[in-house]
Amino acid sequence: MDMLGMYPTFYVPYIGTAWVMGIIGVIHVVASHTSVGAAFLFALLETKAYRDNQPQLMTFIKRYGVFLLVFSYIIGSITGPGIWYAITVASPRGVGGLIHNFVWVWAAEWVYFTVEVIGVYALVYLIGKIDPLSHLKLTWSFALASWATMLLIVGILSFMMWPGSESWYMTGSTNDAFYNLNFFAHLGVRTGSMLVMAAVVGFMVAAGMKDRELKHGVIRMLAPVGLVGGLFSVMMFFYYLQTLPENARVMLKAHLLPSYAAGMMAVVAVASLYLIAAWARPQIVRLWIAVPVFTFIAVVGVWPEERMRESMRKPYVAGQYIYGNQVIARDVPGKEIVAEVETIAEKGLLKLHPFVPDRLRTVTDENRYEVGELLAKIACSNCHSLDPGAPLRSIPDKFRRSTDEDLIAAFLRGPLKHGAIPYMPRIDLPEPEIGAIAHYIATVNAAAQAGTESDTPVADIAPASGPSKE
Amino acid sequence: MDIGTIMNTMRDPAGVPAVPQLFQVLAVGTWVFHIAFVHLTLGAAGLAIYAFYKREAGPYWEQMSIAMTKVAKVGVSLLIVLGVAPLLFTQVIYDPQWYTSNVLSAGWAIGFIFTLIAGYCLWFAFYWGNHEGAKRYIGVYAVLSLALFILDGLIMHALAYQAILPDRWMEWYAPGGVVDTSGSKLHAIEWPRYLFIMSLSAPAVGLYLIAYADYFATRSDKTPEYRAFARLLGRTIAVPGLAVSALLASWWQLDHPAATGLSEQPLGWLLPGFLLVLAGLTAAGYQRLHGYAFLGIGLGVLALLAFWREVVRITYLTPFGYIASDYKVHADWPSLVLFFSTLAGVGGLVGGYYLALLYRAGRVQGTYTAEPPIARLGTAAVAVLVVWIGVFFVYGVAIWIRNALLA
């Protein structure tokens with residue numbers, strides 16, 4: 001192996017590509033889960049409208065449907081491909097690995113997605129334009145098709161965590177990858193939570209309705225569905241935790257739960273109380289309460305959940321065989337995939353990476369800082385910001401702003417080289433490359449310290465490129 | 001390092017799960033529908049704006065503006081969803097090219113998402129305001145929206161074009177040997193190609209208007225005078241629009257590097273030729289031929305464009321030693337069956353049910369009651385989904401038990 005199939009690197013200062021991906025992802029999850037949940041609420045409400053001859057319920061469905069068209073089918077449908085674009089530029093080999101394992105699954109999801117988009121327009125604009133039974137069939141098929149999109153994408157998302165057994169590595173079969181160990185648990189969490197989100201958004205829509213009787217009737221129907229969904233989601237979440245790999249559990253206990261557990265419990269408490277209160281006293285449902293509750297669920301519930309899922313699968317981005325830094329971590333005999341870690345240890349990234357300029361392939365005193373920066377971007381920036389004080393696991397901060405190159409190099413030669421930290425990739429580099437990275441980090445820290453002491457912006461002190469070690 | 005070897009090394013090590021030519025056919029075929037809705041949407045948006053500012057000039061402009069605003073609104077949804085498939089299939093066999101191009105202009109790739117959201121929201125704002133006697137200032141929303149859509153088209157064009165210029169990637173990524181990881185530039189635009197493809201929006205909406213006039217023939221609220229107006233307007237836009245597109249197609253044809261030999265290929269010249277033939281046909285037969293026929297012929301022209309676009313890509317990449325059909329294959333039959341059965345069963349029955357309802361209900365004034373075949377189609381749509389989900393779970397649980405409990 002004289003070359004690795006690596007891509008150029010895209011680096012977003014301060015927040016890193018991970019946050020770009022996370023922000024788009026959270027917007028998409030909120031919009032799409034609300035949409036799928038709402039589809040089932042529509043089906044339930046319309047069944048009641050049809051059976052009990054209560055056509056006034058269709059007024060609510062139309063109102064909610066128009067809201068969904070904007071909220072879910074503009075924002076949701078664009079951020080769906082948006083996640084794809086974001087992971088493409090952040091982890092091209094990661095997304096390539098997923099595409100080449102799951103292309104037919106994604107293609108099947110696309111069929112559902114197309115049907116769903118046509119379906120939502122038909123559902124909203126054909127209310128009152130076609131006979132009720134035909135519309136009821138339309139609504140139920142829309143609900144089932146919407147859920148099918150979730151069924152298909154969750155298999156891929158949960159494979160990103162891990163396959164859960166050796167089967168896929170040996171067979172390479174999409175079946176073994178898709179129906180992985182945490183698939184059903186993950187599906188349960190999302191299926192339950194979508195009903196909670198859809199119920200709360202339903203309150204937002206109902207809040208503006210003039211007909212009090214209709215409004216209260218709708219709220220009394222939505223609230224228990226949301227509660228049952230929430231309870232189911234919480235139960236499945238505890239089961240989900242049991243299906244995680246060891247590296248994820250370590251990350252969860254050491255870093256994630258201390259940060260997010262209180263917020264997540266608060267979300268469960270607030271959502272439950274709100275749904276119970278609305279069920280008991282529908283008149284309390286007001287837009288100025290429903291909107292903050294929904295925002296609270298999105299920011300304190302969904303954002304940490306997505307962040308946790310992203311963090312827990314570290315150091316991998318897919319199937320525990322591709323590291324976040326795009327290096328193939330292990331052999332997958334079923335696909336004839338060969339690990340690259342040992343080759344990098346032997347030859348180094350500078351020799352093997354196709355997108356390293358020739359002038360940087362050999363470390364010299366003149367280019368040490370520049371090489372160190374490039375190597376840090378290639379090997380570390382998928383998970384870490386390189387900027388002091390940045391929110392995405394800042395490397396300078398992780399080294400406590402140390403300017404001691406030997407101390408930094410000792411970490412690179414020790415735990416990192418041997419893969420001793422469960423949630424970090426094994427990065428085994430030749431000595432000159434270790435030295436370059438250590439020099440770069442130490443220089444950035446020195447610049448940051450000088451900036452702090454003199455109140456001079458770090459950017460004005462840190463060399464743009466090529467400072468000598470001396 | 002040789003860029004051809006680099007590209008072949010960058011291929012995903014898992015290989016592809018079916019013969020590469022299948023993905024090639026699917027990528028080309030699905031792109032036809034995507035680009036058709038791109039053209040219709042841009043054309044309808046442009047006409048909606050023009051008609052909006054011409055409301056005082058005649059009795060039908062306002063009605064036309066409102067109608068085209070709705071067409072563009074639905075069109076954006078469909079062009080997005082229909083764009084997913086060609087994007088998916090393309091990156092199966094052209095992953096090195098597509099991913100590299102995206103990373104090199106990553107800021108624009110991400111910006112595409114947010115500008116598309118902003119553009120679509122602005123169009124919705126215009127849609128809500130565009131009714132009888134609407135305020136003039138709302139037209140600004142539409143103009144801004146269309147400007148963003150045109151920018152998005154340019155971003156997509158640049159990403160596609162950069163992908164077939166691999167010998168320039170390194171100079172873009174590390175100009176002068178200094179690496180730039182900002183992804184802040186669009187590096188290459190081929191204006192003749194971009195302008196030609198965008199120009200097809202005018203004939204697209206022109207031909208659509210002729211079909212629109214025929215579709216509403218059974219609706220008494222769409223008067224014969226309004227339909228005649230739509231038909232004539234369609235011809236007025238389509239004929240010169242097709243001629244301009246033919247000129248731009250010829251410019252693109254002459255713009256290919258001499259080494260590719262593409263400028264001499266007769267297949268490439270068929271595009272401007274067919275566009276001129278269609279212009280003549282529209283000018284002569286717009287009142288005699290059914291409007292749907294024009295749409296069918298238009299789709300045929302787009303199919304030729306999609307095919308030619310793939311020929312261009314192959315011709316650009318072959319000298320570097322990148323041949324899509326060489327991709328390593330690891331066949332995966334179960335997931336292949338999943339896709340094609342879903343396409344036929346769900347796409348056919350559920351999608352077919354929705355389209356049948358929309359088509360029939362749109363042609364009826366008042367409430368449409370489904371005829372027995374459509375009603376049965378509705379029942380089949382629900383049934384096929386229940387069966388699909390049932391199989392999904394039974395099959396999945398069996399695999400899950402085998403791997404999680406028995407392995």
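Predicted model: local features only at pLDDT ≥ 70, side-chain atom pairs only at ≥ 80, totals over all residues.
Helix H3 of chain B is mostly covered, with 26 of its 33 residues buried; a residue counts as buried if 20 or more other C-beta atoms, placed from the backbone, lie within 10 Å of its own, as exposed if 12 or fewer do, and as partly exposed in between. Helices here are DSSP runs of H or I of at least four residues, strands are runs of E of at least two, and both are numbered from the N terminus. From its first C-alpha to its last, H3(B) reaches 47 Å, close to the 48 Å expected at 1.5 Å a residue, where the expected span is 1.5 Å times one less than the number of residues.

Residues are numbered from 1 along each chain as its sequence is written, and chains are lettered from A and ligands numbered from 1 in the order in which they are written.

H3(B), spanning 61-93, is also one of the elements that give two or more residues to the side of chain B that touches chain A. That contact takes 85 residues from chain B and 80 residues from chain A, two residues being in contact if their C-beta atoms, placed from the backbone, lie within 7 Å. H13(B) gives the most to this side of chain B, with 17 residues. By class, the side comprises 61 nonpolar, 20 polar and four charged residues; Ala, Val, Leu, Ile, Met, Phe, Trp, Tyr, Cys and Pro count as nonpolar, Asp, Glu, Lys and Arg as charged, and the others, Gly among them, as polar.

Turning to chain A, there are 17 helices and two strands. The radius of gyration of chain A is 25 Å, close to the 23 Å that the globule rule gives for 470 residues, so chain A is as compact as a globular protein of that length; the radius is taken over C-alpha atoms, and the rule is 2.2 Å times the number of residues to the power 0.38. Buried residues make up 60% of chain A.

Domain bounds come from an automatic or database assignment. For chain A this gives domain 1 (16-311) and domain 2 (342-461), whose C-alpha centres lie 39 Å apart. Their contact takes ten residues from domain 1 of chain A and seven from domain 2 of chain A.
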